[in-house]
Amino acid sequence: MAYTFPSCPNPRTVTFDRAATLAWTQAQVQLHHLGIGPDEAHLFQSLARRVLFLDRTLRPSAEVLTRDTGGPPALWPHGISGDIPIVLVQIDEPDDVGIVRQLLRAHEYWRLKQLAVDLVILNERAPSYVQDLQSLLEALVRTSQSAAAHEGHAPHGSVYILRSDRITPLQRDVLLAGARAVLSNRRGTLAEQITREQRPEAPPVTPLRRPPAAKPSPDRPLPRPELEIFNGLGGFAAEGREYVTLLEAGHNTPAPWINVISNPGFGFQVSESGSGYTWSANSRMNQLTPWSNDPVVDPPGEAIYVRDQESGEVWTPTALPIREAGQPYIARHGQGYSRFEHVSHGISLELLQFVPLEDPIKVSRLTVRNGSGRARRLSVTAYAEWVLGTSRSASAPFVVTEIDPATKAMFARNTWSSDFAGRVAFADLGGAQTAWTGDRTEFLGRNGALDRPAALTREGRLSGRVGAGIDPCGALQTIGKGGDLDRTRGCIGFYDGDAGTLVSPAFVTIKGLCAR
């Protein structure tokens, strides 16, 4: 007689199912405790997206965002630090307190989800003896769970009630510019305002279809450097004055091997893969481009791309962000400079990066040599993600970009910065740029990444879009034939002066280093 035994369930599946059930149960208990239904929770999550990510649909006009307001110190008299995101609601009628009551529930919901937000309620009602709206708002906040004491030292967000007649015009501008979302009882319910301002989904990028290109001739390999104390990945050269890393296909260093290059007031670090960041005055408080402490991924915040305008192929002189499996990548770290070499698609690239002894500028000189035996039409695109602060997530909503009509350099400033107010970062290709954009979403595309930027996979020029309220970056492009790109020079710098003084002799001298 045969017996059939039931199969034992997979322990991992059982554990996952149990964890998912417990998480669902906890979420239902929390919503019941706060008196929130599923639809309202979804509404609060949609509003939280404006808090967490760069979305200008509920922010004020670009004119307000570009004003130099001095940043958070203007809010300190009211107890608002300006260190965590702000949601601002304007109200002038007692009958419309429903939106305030709903935002108080949203604030409680966010706090439960560990999302720290300062909710600022601005009473726009004209002052009177009765102050009925002010009393009603204070009662709502006092009886809400947002007024409860919070345990722990992590930021949790607070609720503030301000009267419009007791704040200065400057403080109002700071509130508007600093808020991730500005809501008003005059524009309808919370759901209506969020639904009305939904940003249309960007269409997916369709890769350009090109006729088959001529089969390229095999790349001439770079001469293998003679290295001392070679460990399989790198060794010393030039009598010990350089450390050379040789990245063959499938080979990576166990951790980023970096070179720190700086003068007393400006510098950058770069790894053997070309990743790194740039700073000015203070390497933590004033990062111009993003720093990462990820020893595994080593994500870049700056990149230089070369694109064949006929075939659409894109590659880089460094191992990041685009790593090809063909020829090796050679990185040379020396005192005061780093040099990168790579051959691909019949083009030999050499990238030299350094900082002058005194000037606040990082110079990147790209040498392009055509070894394919035929005429080529190439473009070079320099890309940088602006930070201008301690972290990109905190400062990006306040970065404003513009193009100087005289020099064609891109300027970037942080209107929310108090420590470095009045200073401007700039990016330039020695005046040779013919197209640009300050919109990171345009350059990378929806769900895009630095190793597949959407702007370089489609036909057409960069849009030239700059300004406030966009996901900030600096992308500059130049196109040439043959030897036109032989010595392309790019630079990132930081100038102690506002955009109106960037034509001063000091700035012209600094920028001139990029064209030498």
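Is Lys408 buried, exposed or partly exposed? Lys408 is partly exposed, with a relative accessible area of 30%; here buried means under 20% relative accessible area, exposed over 50%, and partly exposed in between, with a 1.4 Å probe and protein chains only.

## Basis of the report

The structure is a predicted model, in which local features need pLDDT of at least 70 and side-chain atom pairs count only at pLDDT 80 or more, while totals for chains, interfaces and linings use all residues. Residues are numbered from 1 along each chain as its sequence is written, and side-chain values use heavy atoms, with hydrogens and water left out.

## Overall composition

The protein contains 10 helices and 23 strands. These elements are DSSP runs numbered from the N terminus, with helices (H or I) of at least four residues and strands (E) of at least two. Of the 516 residues in the protein, 51% are buried. Among contacts (heavy atoms within 4.5 Å) with a separation of 6 or more, 69% join residues 24 or more positions apart.

Helix 4 has 15 residues, and its end C-alpha atoms are 21 Å apart, which agrees with the 21 Å it should span at 1.5 Å a residue. The expected span is 1.5 Å times one less than the number of residues in the helix. Helix 4 is mostly covered, as 11 of its 15 residues are buried. Those buried residues include the charged side chains Glu108 and Arg111, and also Ile99, Val100, Leu103 and Trp110. After helix 4 comes Gln114, with a positive phi near 65 degrees.

Helix 5 (residues 132-143) has 12 residues and reaches 17 Å from its first C-alpha to its last, close to the expected 16 Å. Its buried residues are Leu133, Gln134, Leu137, Leu140 and Val141. They lie on the same side of helix 5 because they cover an arc of only 125 degrees around the axis, the arc being that of the directions from the helix axis to the C-beta atoms. The face turned away from this buried side carries the exposed residues Arg142 and Thr143. The cover over the buried residues of helix 5 includes helix 4 (98-112), together with strand 1 (86-91), strand 2 (118-123) and strand 3 (159-163).

## Loops and backbone features

Lys408 is in the loop between strand 18 (399-403) and strand 19 (410-414). Its phi is near 65 degrees, a positive value in a residue other than glycine. His345 also has a positive phi, of about 55 degrees, although it is not a glycine. His345 is located in the loop between strand 14 (337-344) and strand 15 and is buried, with a relative accessible area of 19%.

The peptide bond from Leu320 to Pro321 is cis, with omega near 10 degrees. Pro321 belongs to the loop between strand 12 (314-315) and strand 13 (329-334).

Leu357 occupies the loop between strand 15 (347-354) and strand 16 (361-370). Leu357 is exposed, with a relative accessible area of 76%. Leaving aside residues up to four places away in sequence, Leu357 touches Asn263 and Pro264. Its C-alpha atom is separated by 9.0 Å from that of Gly336, 21 residues apart along the chain.

Tyr495 is part of strand 23 (residues 487-495) and is buried, with a relative accessible area of 9%. Tyr495 and Phe411 are 84 residues apart in sequence, and their C-alpha atoms are 9.7 Å apart in space.

## Cavities and pockets

On a 1 Å grid over the protein atoms alone, a cavity is a set of points where a 1.4 Å probe fits but cannot get out; a pocket is an open set with protein on both sides within 12 Å along at least five of seven lines, and lining residues have an atom within 4 Å of a point. Grid points are joined across faces, edges and corners, and a volume is the space filled by probe spheres set on the points. There are 5 cavities of 30 Å³ or more. The largest cavity holds about 290 Å³. Its lining has 27 residues, of which Glu302, Ala303, Ile304, Ser364 and Tyr383 are the closest to its centre.

The second largest pocket has a volume of about 680 Å³. Among its 29 lining residues, Asp83, Thr390, Ala394, Ser395 and Trp416 are the closest to its centre. Helix 2 (38-52), strand 10 (282-287) and helix 8 (392-395) are the elements that give two or more residues to this lining.
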